[in-house]
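I am opening a notebook on a structure that is new to me. My entries follow the order in which I looked things up.

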Amino acid sequence: MSLVLERETPPLQEDETGAIRVGSSRVLLETVIRAFQDGASPESIVHRYSTLSLSDVYNTIGYYLRHQDAVEAYLDRREMLAESVQQRLSGIQPDLSLIRDRLLSQPKLR
C-alpha cells in the first residue's frame, strides 16, 4: 500500500459579505489567525471555537504561513472595514458615557 499524495484546498469559504470563514463554521479567518499570532495552539483554538475541526485549523494556519502576504493584506482590509463601521456607528449612537453619567447621578429609589 502506498501513500497517495493529494493537493488539498484550504478549508476557507467566502460568504456573501466577503468575509472568509473557516471550514463549515461561522468562525472568521481573522479570528483563527489572530489567535495563532497571539500564541494560541491549534488545539486551544479548537477548544475556544468548538465548531472548528482540528484539521481545518491546522490547514488554515498552514495556508496562512504559505501565503502570509496575501492573508495579511486581507486582514488589513478587514480591520479597515471594521474601523469604518465603528466610526459610522459612533456617529449614529449617542455617547453612552453621557447616558451612564446621567443614570448614576439620579437619586436612588428606595
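First, a term I need: an axis here is a line fitted to C-alpha atoms, for helices over the stretch in contact, and angles between N-to-C directions run from 0 to 180 degrees. I also note that this is a predicted model.

**Entry: α1 against α3**

I looked up how α1 and α3 pack. Their axes are 10 Å apart, at an angle of about 80 degrees. Angles of 65 to 115 degrees count as roughly perpendicular, so α1 is roughly perpendicular to α3.

Which residues meet there? From α1 I listed Leu-29, Val-32, Ile-33, Phe-36 and Gln-37. From α3 I listed Val-57, Thr-60, Ile-61, Tyr-64 and Leu-65.

**Entry: Thr-60**

I stayed in helix α3 for Thr-60. Is Thr-60 buried or exposed? Its relative accessible area is 1%, so Thr-60 is buried. Leaving aside neighbours within four places in sequence, I found Thr-60 in contact with Pro-11, Leu-12, Val-22, Leu-29, Val-32 and Ile-33.

**Entry: α1 and its cover**

Next I checked which residues of α1 are buried. I noted Leu-29, Glu-30, Val-32, Ile-33 and Ala-35. What covers them? The cover includes β1, β2, α2, α3 and α4. After α1 comes Gly-39, with a positive phi near 100 degrees.

In soluble globular proteins, nonpolar side chains tend to be buried together. The largest core here has ten residues: Val-22, Val-27, Val-32, Ala-35, Ala-40, Ile-45, Val-46, Leu-52, Val-57 and Ile-61. Three helices, α1 (29–37), α2 (42–48) and α3 (54–66), each supply at least two residues of this core. Another core, of eight residues, lies apart from it; among its members are Ile-20, Leu-29, Ile-33 and Val-71.

I followed one member of the largest core, Ala-35. Not counting residues up to four places away in sequence, Ala-35 touches Ala-40, Ile-45 and Arg-48.

**Entry: α3 against α4**

Then I turned to α4, which is a helix of residues 68–92. The axes of α3 and α4 are 5 Å apart, and the angle is about 105 degrees. That makes α3 roughly perpendicular to α4. Tyr-63, Tyr-64, Leu-65 and Arg-66 in α3 meet Gln-68, Val-71 and Glu-72 in α4. By class, I have four nonpolar, one polar and two charged residues here.

**Entry: Ser-25**

I found Ser-25 in the loop between β2 and α1. Its relative accessible area is 7%, so Ser-25 is buried. What lies 2.6 Å from a polar atom of its side chain? I found the backbone oxygen of Val-22 there. Not counting residues up to four places away in sequence, Ser-25 touches Thr-51 and Leu-52.

**Entry: Gly-18**

Last, I went to the loop between β1 (12–14) and β2 (20–22), where Gly-18 is found. Its relative accessibility is 24%, so Gly-18 counts as partly exposed. Leaving aside neighbours within four places in sequence, Gly-18 is in contact with Tyr-74 and Arg-78. I also checked Gly-18 against Gln-37: they are 19 residues apart in sequence and 22 Å apart in space, C-alpha to C-alpha.

Notes:
Residues numbered from 1 in each chain as written. Predicted model: local features only at pLDDT ≥ 70, side-chain atom pairs only at ≥ 80, totals over all residues. Heavy atoms only, no water. Core = buried A, V, L, I, M, F, W, Y, C linked by side-chain atoms within 4.5 Å. Buried < 20%, exposed > 50% of the residue type's maximum accessible area, 1.4 Å probe, protein only. Helix = DSSP H or I, 4+ residues; strand = E, 2+ residues; numbered from the N terminus. Contact = heavy atoms within 4.5 Å. Parallel < 35°, antiparallel > 145°, perpendicular 65-115°, else oblique. Nonpolar A, V, L, I, M, F, W, Y, C, P; charged D, E, K, R; others polar. Polar contact = N/O pair within 3.5 Å; in protein donor to acceptor, adjacent residues only side chain to side chain.
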